[in-house]
Amino acid sequence: MKEWKRELKKQLVMRWDEILTLFVLQMIVFLFGQLVAAAAVYIFKGSLIEIGTLLSLTGAAIVLFCCGIGATGTYFNVGISMCAVRKRLVPAMYLVTFAEAFLAACTGYFFYRLELWIFDTFYPGVKCEMDFGFLFQWKYILAASLALTAGYSLIGALFVRFGKVASWIFWMAWVVGCAGLPRSGQILERHRDTAVAQALFAVGGAFGKITESALLWGIAGASALMLIVSYLMLRRQQVQL
C-alpha cells in the first residue's frame, strides 16, 4: 500500500503543472465566453446560452485528449528511469488522469453556477436558450472522465510503442475525418435511395434507439477495454530517452 501511495504522489508532483494549466485554460475560455455573451446581448441584441460553461468543458476535454499524444511517453519514460515498477506506474498514471478529468468537470460545474449568477445579475430578463446543467450528473461526469482517461491512455501508449508510425496513422485519420466525412454525408444524401445508403441509414437509426443506460454501460466497457489494451502495450515497453 505504501508503494502505491508513493507512486501516486510521484505522479501528482510530476503533473501538478498540467493540472494548473488545465484550470487556467478553463478560466481563460470562460472569461472569453462572458465577452461573447456580453456582445450577444448589448451589441447584437440576442439571447443567451451558457457559452462560458460550454467552452470550459470542451477546452478541458481537448487539452486532456491532446496531452495523451506526447505526455504519456514522458511520464512513462521518466517514471521507469526513476526505478518505478510498471504494474504500479501505469495504473497510477490512469488514476491521476481520471482525477484530472474529474477535477475539470468539477471546475466546469463551478463556472456553470458562476455563469448563472452573472446572467441573473447583469442580464435580467434576457432569455437563456439552453441550460447545460443536465450535463453535471454523476453518471455523465464519471462516464466522460473514464472515456477521456481511456482515450488519453490508449493514444499515449500507441505513440510510445510505435512512435512516428502512430503519428502518420493519426494524421491520416484526422485528414480523412475532416475532409472525408462531410463529403461522404453529402454523397449519401444525394443517393439516399440506393441500397447502400438505405443500409447505412438503417444502421444509424438502430444506434439512435439505444437507451441511455445501455450507452453509458457501452462507454464504460469500451473504456475499460482501451485501458487494458494500453496497459498490455506498456507492460513490457522499454524506456526511450
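Let me start with a term: a residue counts as buried under 20% relative accessible area, exposed over 50%, and partly exposed in between, using a 1.4 Å probe and protein chains only.

Now, hello everyone, and a word on the model. This is a predicted model, where local features need pLDDT of at least 70 and side-chain atom pairs count only at pLDDT 80 or more, while totals for chains, interfaces and linings use all residues. Residues are numbered from 1 along each chain as its sequence is written, and side-chain values use heavy atoms, with hydrogens and water left out.

I'd like to begin with the rings. Phe, Tyr and Trp rings (for Trp, the six-membered one) pair if their centres lie within 6.5 Å; planes under 30 degrees apart are stacked, over 60 edge-to-face, and the rest tilted. How many aromatic pairs does a search of the whole structure find? The search gives nine. One of them joins F110 and F111, with ring centres 5.5 Å apart and planes at 55°, so this pair is tilted. F110 is partly exposed at 49% relative accessible area, whereas F111 is buried at 4%.

Next come Y112 and F136: their ring centres are 5.3 Å apart and the planes sit at 35°, so here too the pair is tilted. Y112 belongs to helix α3 (residues 86–122) and F136 to the loop between β2 (128–130) and α4 (138–162), so the pair ties together parts 24 residues apart in sequence. Helices (H or I, at least four residues) and strands (E, at least two) are DSSP runs, numbered from the N terminus. Y112 is buried at 6% relative accessibility, and F136 is buried at 15%. Ring pairs also link F30, F110 and F111 into a cluster.

Now please find E50, in the loop between β1 (48–49) and α2 (51–81). Is E50 buried or exposed? At 1% relative accessibility, E50 is buried. Contact means heavy atoms within 4.5 Å, and, leaving aside neighbours within four places in sequence, E50 touches several residues, including Y112, E115, C128 and F132. The E50 side chain reaches the backbone nitrogen of F132 at 2.7 Å.

Last, the cysteines. A disulfide is taken as a pair of cysteine sulfur atoms within 2.5 Å, and by this rule the count is zero. C106 is partly exposed at 35% relative accessible area, and C128 is partly exposed at 33%.

Conventions
A polar contact is a pair of N or O atoms within 3.5 Å; within protein, one must be able to donate a hydrogen and the other to accept it, and residues adjacent in sequence count only if both atoms are side-chain atoms.
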